[in-house]
Amino acid sequence: MAREVYGIDAVLTPLVGERDDNFLLRSADGTSWVLKILDLAADPMTVDCQVAVLRHLAEQDPSLPVPRLRATRLGAPVGMLRFAGARHSTLLIEYLPGRPLSASTSNPRLLRSFGFTIGRLDRALQGFFHAKLAQSLVWDVRRLPELAAFVGDLEHDRVGRRVKAVVGAFGERLPALRGLPSQAIHGDCHASNVLVDEAAQGIVGIIDFGDMIHAPRVLEPAVAMSELLTEGVAAHEDLTALLQGYTEAQPLQTAEVEFLYDLITARHAVTLLVHAWRSRNDLEGARALRDAAAHADSSLELLTTLGRGKLTAAWHEAAGTLPPAARLRRRRARLLGAGAELFYDEPLHIVRGEDVWLIDAAGRRFLDVYNNVAHVGHSHPTVTAAIQRQCATLATHSRYLHEGILDYAEALTARLPSHLDTCIFVNSGSEANDVAWRIAQSVTGNQGALIMENAYHGITHAVAALTPVAGQRSQPHVATLKAPPRGIGALDMVSQAQLTYAAEDAERALAELRERAHAPAALYLDTALTSNGIFDPPPAWLAPITTRARDAGALIVADEVQYGLGRSGSHFWGFERRGLEPDIVTLGKPIGNGFPLGVVISSRAVVEEFQARYGFFSTFGGNAVAAAAALAVLQVLQCERLQQNAQETGAYLRAGLESLAARHAVLGEVRGAGLLLGLELKAEAKRIVNILCARHGILTGLEGPQGNVLKLRPPLSFRRMHADLLIAAIDATLSALRGV
Ligand code: PMP
């Protein structure tokens, strides 16, 4: 027959086959073939589909290890054989060497080759279509909900409950599954349909194209992964190798990889349900599935214990489909340390800033109610142009004569009391406070410091000692003053009792220093009292404190890193609002609108004495570009009347917050002035901040010793319409919280 139909002289050996009669043909020319004499009941559509797909694959990827089809002597793909009065169709298919993966020991290299081969197969299958691909197969996981009827047939309730959970979860995901990229797939790439080479290093064949369907592409690797587990060929850790191989040939989308867990557990459930059904209706069939069902049971238990999150993360890693934000987070933790701080439960990937808006990688706009560095608005064109212009001309240090640094120092000191006339340039608020500390010690000959409890002044070694809020242990040379009391500033009135309390507290702190053999070199004050909870005490509150500090020899350092440059609305400097006459002023954050810069300003005598004693030079401090940026900031502040805006918009926002506080029980005090406002949250503070960000696109933060004061500190170009957005978002967030 082989000679008659196919023109081959061959020796025939019978092979096993489920439905067809199969023979191995070893031809005289050394090639081997499988002759399939198809079952009389074979569906002609199925035969036609197999022929079509093998032809398609031979055309699209000729070296893919799938069997070639040999035509009859007359060139027909399907042969015809009369036998015992019946007409049988025949196929002659290339015999592929190798043994089934199911009979080999798997290893990661082999699994990667497996994945790569089926990835190639799916790539080659794109564009293939045949009506038969719509066939309905019980093994198609998309039909799992229909099989759920047989949950009762499962032997143990424990298994039943687990399978039910899988069916339920899968049912919910089905609509999304149908939306994934779909195509013709092999659909049954289990370890018995995959042939490996002698050394078990690579895949040399994929066979059996009888279960092909049109389905979500990701079902292909999912079936392979699931079957490796249920056939006991590989452990779950090894599946990543298959996925890696698959995606090397055929990339997957993030959404597809998100589905792997559902598809694999669903396929396990199908195995268990088909086995349960067969146990009642088809004992021989059940026996063939016994081991697979046992594996499916234990594997399902393991997968549910490990959890979708952990497994999916590992699969994303293998497939190279980690969502971009997750990828950045991992990379960041690897390069910057896991402790590098990030805002919000779902950190933002911000790529652009524009006035009061920050824009993320997906193009979503966030209203920035948090950043005081972008004082005149993010990427302000005037400041940007000044930086660009100067950078393109000259960017060097301050040991040459240059007008830039002088123009800026002139503009800055013109806005300060006349005794604050000389500037030292550094690069950050911390550095400015550090230099101020050295100056204060040098001028006074004292080594002690008075600071507010919970103060924040920066990160250098000396300044960290003045920063109890950062968890620094208290040091003998530092004494802390009590923060202003709740409710202070609301009526701009201070009671006699409060004044007495402030005076006694200052005396107590000074006595503590004395006991430790220290006199104060400086009293440091963040004039915004930000880290204390954004209190806004009137001048009367501070007067008894500063008087006593000065009497004890301290210089007054006004840390204007938060409050300087008009943020309070009422005054250009925070110390003015507090009624202070500082000996030293330190500046940072907002003055360069994002360009790093810090300044220490004091009297000429003080600065010159410090210079004479120690000399001072900071490489980047006051460089030409920083000076250009800072000068532009002052110009924009003036041109755009931003201090006035801070006052007007701040008052408007404050009134809005007060009306919210009257309606929402969770809100406490409204604090602060201008565009530095605090809103006390009595509960759920972190949740509220995260909801404002994730759901309303509004960026805020938390402040205060208890971390329960909503910190509202936007660029000074924040307008009424922005305040309206913020108030509406807080209102909606709190109403939704109350509804829960
Ligand atoms: N002083 C105060 C009041 C601050 O808020 C900060 C920064 N948060 C600093 C100093 C330190 O500034 P920098 O981070 O620029 O060193």
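This report looks at aromatic pairs and charge-over-ring contacts in a predicted model.

## Ground rules

Local features here need pLDDT of at least 70 and side-chain atom pairs count only at pLDDT 80 or more, while totals for chains, interfaces and linings use all residues. Residues are numbered from 1 along each chain as its sequence is written, and side-chain values use heavy atoms, leaving out hydrogens and water.

## Aromatic pairs

Rings of Phe, Tyr and Trp (its six-membered ring) pair if their centres lie within 6.5 Å; planes under 30 degrees apart count as stacked, over 60 as edge-to-face and the rest as tilted. The count by this rule is eight aromatic pairs. One of them joins phenylalanine 343 and tyrosine 370 edge-to-face, at 5.0 Å centre to centre with 75 degrees between the planes.

Phenylalanine 343 sits in the loop between α12 (324-336) and β12 (350-354), and tyrosine 370 in the loop between β14 (365-368) and α13 (381-393), so this pair ties together parts that are 27 residues apart in sequence. Helices (H or I, at least four residues) and strands (E, at least two) are DSSP runs, numbered from the N terminus. Tyrosine 370 is buried, at 13% relative accessible area, whereas phenylalanine 343 is partly exposed, at 48% (buried means under 20%, exposed over 50%, partly exposed in between; 1.4 Å probe, protein chains only). Together with Tyr344, these two residues form one aromatic cluster.

## Phenylalanine 572 and the arginines

Phenylalanine 572 and tryptophan 573 also pair edge-to-face, 5.0 Å centre to centre and 85 degrees between the planes. Both residues are buried.

A charge sits over a ring if NZ of Lys or CZ of Arg is within 6 Å of the ring centre and within 35 degrees of the ring normal. Arginine 415 lies over the face of phenylalanine 572, 3.8 Å from the ring centre. Arginine 438 lies over the face of tyrosine 614, at 5.2 Å from the ring centre.
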